[in-house]
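The sequence and structure are shown first.

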Amino acid sequence: MRIIHALIILLLLSSISPAQVTSRIAFTKLNPLTSDFDIFVAELNENLKVVRTYNVSNVIGADSHPSWSPDGSKIAYISQRHGKWMSIYITDYLGRNTRRFSSEILGRSWGFPGWSPDGKKIAFAYEPKDNDRERGIYLIDIDGRNLRKLVGIPFGSLGSCKWSPDGKKILVHSVELYVIDVETGQYKMICDGADGADWSEKGILYSRSRFRSIFIADENGNILKRYELPDFKFIDEPSYSPDLGKVLFVGRKGNTWGLHILDLKTGKVKSLGFYAQFPDWGPAFLPRQSLDQLNLLYTMWSLIKTGGIKK
């Protein structure tokens with residue numbers, strides 16, 4: 001009878017809908033237990049309220065700059081867990097199946113690793129160990145093979161990479177903003193100073209704290225839209241929402257830092273109520289329910305097999 005009762009409980013639990021989650025954001029935040037920076041994910045409901053937050057890296061060593069895969073199932077980020085050099089790691093969106101992206105990458109990798117729109121390649125800023133002449137923007141296949149240099153970086157510091165929606169160009173944020181042609185490696189500067197950037201069908205998104213504004217521009221740098229945010233002294237790392245109707249960003253009002261969301265239709269800004277760095281808004285929603293039910297089923301079956309639940 002106990003096994004029947006257990007199965008009934010399982011069915012009842014599976015019929016309970018979890019809090020309605022409509023999107024996820026990944027970000028870097030200090031873990032007070034380890035005093036290291038880790039990668040966290042926050043689940044948002046339809047009212048943009050945080051329903052749940054969880055840690056997806058949680059190891060000794062600084063982790064930073066999370067970047068969602070196009071289908072929302074994985075997160076790439078940079079980590080210092082294997083010494084002073086930063087390497088790229090990939091995990092699933094629940095923090096499982098974490099792997100070092102490539103043993104070939106034994107140098108500094110800074111900024112957001114950028115997934116190609118088809119999810120087959122990653123672009124990243126890279127400085128090979130003890131070889132400053134080879135620093136630049138590199139491409140590598142998602143299986144860790146075919147590492148190749150796309151272009152050197154004579155322009156300032158290493159930075160984050162964001163692909164164009166058609167996969168033909170890459171936006172590099174390196175204080176200035178540069179657009180690089182993936183086929184030829186030719187590049188051009190489209191903005192002489194920015195505090196973070198993103199790219200979608202809506203256009204190139206970037207913030208400029210000195211103007212207290214968020215901008216949307218075309219790939220030639222022509223400004224299509226400007227959103228003035230006079231209450232903010234600093235605006236950083238803007239990221240499009242999945243429906244492209246909102247922008248997540250790091251902002252400072254007075255002496256208070258936090259994550260904020262700008263509604264591109266109304267111009268209104270909403271605070272998420274906490275501070276974090278390098279946010280990236282997930283491109284797709286994968287329901288936790290089916291995974292949790294499956295894990296619960298495995299747990300129940302394990303208890304039955306080990307005698308924790310008697311027949």
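Accessible areas are taken from the Shrake-Rupley method with a 1.4 Å probe. On that basis the protein exposes about 15300 Å², of which carbon and sulfur atoms supply 52%. Of its 311 residues, 49% count as buried.

The model is predicted. Its average pLDDT is 83, and 78% of the residues score at least 70.

| Segment | pLDDT | Contacts beyond four places in sequence |
|---|---|---|
| residues 6–18 | under 50 | nine contacts |
| residues 289–311 | under 50 | 25 contacts |

Where pLDDT is low, the predicted coordinates should not be read in detail. The contacts listed for residues 6–18 and for residues 289–311 belong to segments with pLDDT under 50.

In secondary structure, the protein has two helices and 24 strands. Among contacts with a separation of 6 or more, 42% are accounted for by residues 24 or more positions apart.

D263 is placed in strand β22, which covers residues 256–263. Is D263 buried or exposed, and which side chain of opposite charge is nearest? D263 is buried, and the nearest side chain of opposite charge is that of K246, 4.2 Å away. A salt bridge requires a side-chain nitrogen of Lys or Arg within 4 Å of a carboxyl oxygen of Asp or Glu, and D263 has no salt bridge. A polar atom of the D263 side chain does lie 3.1 Å from the backbone nitrogen of T266. Leaving aside residues up to four places away in sequence, D263 touches G245, K246 and K268.

N58 has a positive phi, near 50 degrees, and E237 has a positive phi of about 50 degrees. Where do these residues lie in the secondary structure? N58 belongs to the loop between β3 (50–55) and β4 (63–68), whereas E237 is found in strand β20, residues 234–240. As to accessibility, N58 counts as partly exposed because its relative accessibility is 47%. E237, with a relative accessible area of 9%, is buried.

How values were computed:
Residues are numbered from 1 along each chain as its sequence is written. This is a predicted model: local features need pLDDT of at least 70, side-chain atom pairs count only at pLDDT 80 or more; totals for chains, interfaces and linings use all residues. Side-chain values use heavy atoms; hydrogens and water are left out. pLDDT is the predictor's confidence in each residue, from 0 to 100. Contact means heavy atoms within 4.5 Å. Helices (H or I, at least four residues) and strands (E, at least two) are DSSP runs, numbered from the N terminus. Buried means under 20% relative accessible area, exposed over 50%, partly exposed in between (1.4 Å probe, protein chains only). Lys and Arg count as positive and Asp and Glu as negative; His and the chain ends are not counted. A polar contact is a pair of N or O atoms within 3.5 Å; within protein, one must be able to donate a hydrogen and the other to accept it, and residues adjacent in sequence count only if both atoms are side-chain atoms.
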